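Hi,

Please find the structure below. My notes follow it.

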Amino acid sequence: MRIVSGIQPTGNLHLGNYLGAIRNWVRMQDEHPAGSCLYFLADLHAISMPHVPAELSANTREMVAALVACGIDPARSVLFNQTQVPEHAQMQWLLNGTARMGWLNRMTQWKDKAGKNREGQSVALFTYPVLQAADVLLYQATHVPVGEDQKQHLELARDIAQKFNNDFCTEDAPLFTLPDPMIPPEAARIMSLRDGSAKMSKSDPSDMSRINLTDDADTLMNKVKKAKTDPEPLPSDKDGLAGRPEAANLVGIYAAMAGSSVEQVLAEFGGQGFGRFKPALGDLLVAKLAPINDRFVALRQDRAALDAILRAGANRARELAAPTLAAAYDALGLVR
Ligand code: TYM
């Protein structure tokens, strides 16, 4: 098994990232032999949108500290940033010859982010999913732990791999492994605290819409208290959450954080109002996130240690990437 996944170092880790992806990263690391997992900061993806260079470099180091605080162990997982592994950008260029405009035009993230102003977007935003395909195909990833919102990008990676194998390889010696997305059954899509129809996201201008892993206890309690809800008490079974996206989101967060199920949470809180449920949710979040926060605060100070983690991770990643990149050049008839 080869497990590969990435996260953009734009701003803080939030609860959606943690429950949708990072918790699974740690689980996969703990369940598989050392060296099976590669986790990276998608800093090259981050330049597809307007950004402030000084913030990107600071956020890159902070994200390393946050991932280690969440339980990623650089001694067992290969932890690095794309920039220090130029094979990602090289592989993207090779795959640009295989990816099709029509495929990229259908990507919902492209449509959402570009909105009505497609002409004004960077080329990088459009070809973003090709870099994402390169990220995983480069390492022959078998499993890619992600949240629901990345599923379509992973399907595209499979399409690109399949077409490349068909066009440039013989049937008995395909170059690329087709990666499988691993999406957690619970918490695959954590929604904004202010709008149950929008996903929790780093790009939401309101910080009240998300729970950052670095929020202190007071901030956490306040965000949960102010979270949008409806006037009804909680239902006692799952069907009662239909048409109540904000209530469903908070119950889902509680279940995911407590390691229980939505049914169990409703068995406990069904019939009670949010005045009772919200403080319980706030307390649970504070209890679970405080140890992560403490580790993060300690780690983020040591810039030299964070840089050393990225350097060592990149060296290992480059070794692992080299054979597949070389084979892709050869398959395309490029003389190297
Ligand atoms: P990014 O940085 O937006 O998010 C990182 C991970 O967090 C998950 N996630 C969520 N899960 C549940 N609920 C939410 N509200 C939520 N918000 C984010 C994402 O699904 C993701 O797993 N393009 C990717 C980064 C990337 C990548 C890759 C991922 C680049 N190359 C290769 C996997 C494989 C992104 O922007 O994720």
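**Helix packing and a bent helix**

Helix 9 and helix 12 are roughly antiparallel to each other, because angles over 145 degrees count as such. This comes from a predicted model. The two helices pack at about 150 degrees, and their axes lie 9 Å apart. Helix 9 covers residues 217-226, and helix 12 covers residues 274-300. Their crossing is right-handed. On the helix 9 side, the contact is made by Ala217, Leu220, Met221, Val224, Lys225 and Lys226. Helix 12 contributes Lys278, Pro279, Leu281, Gly282, Asp283, Leu285, Val286 and Leu289.

Now helix 13. This helix runs over residues 303-331, 29 residues in total. From first C-alpha to last, helix 13 reaches 41 Å, close to the expected 42 Å. There is a bend of about 35 degrees at alanine 321. A proline, proline 323, follows within four residues. After helix 13 comes glycine 333, with a positive phi near 80 degrees.

Which residues of helix 13 are buried? They are Leu306, Leu310, Gly313, Ala314, Ala317, Leu320, Ala321, Thr324, Leu325, Ala326, Ala328 and Tyr329. So the bend residue, alanine 321, is on the buried list.

What does threonine 324 contact, leaving aside its neighbours within four places in sequence? The partners are Met91, Leu137, Leu138, Gln140, Leu175 and Phe176.

Best wishes

Definitions and conventions:
Residues are numbered from 1 along each chain as its sequence is written. This is a predicted model: local features need pLDDT of at least 70, side-chain atom pairs count only at pLDDT 80 or more; totals for chains, interfaces and linings use all residues. Side-chain values use heavy atoms; hydrogens and water are left out. The expected span of a helix is 1.5 Å times one less than its number of residues. The bend at a residue is the angle between axes fitted to the seven residues ending there and the seven starting there. Buried means under 20% relative accessible area, exposed over 50%, partly exposed in between (1.4 Å probe, protein chains only). Axes are lines fitted to C-alpha atoms, for helices over the stretch in contact, and angles run from 0 to 180 degrees between N-to-C directions. Angles under 35 degrees count as roughly parallel, over 145 as roughly antiparallel, 65 to 115 as roughly perpendicular and the rest as oblique. A crossing is left-handed if the near helix is turned anticlockwise from the far one by less than a right angle, and right-handed if clockwise. Contact means heavy atoms within 4.5 Å.
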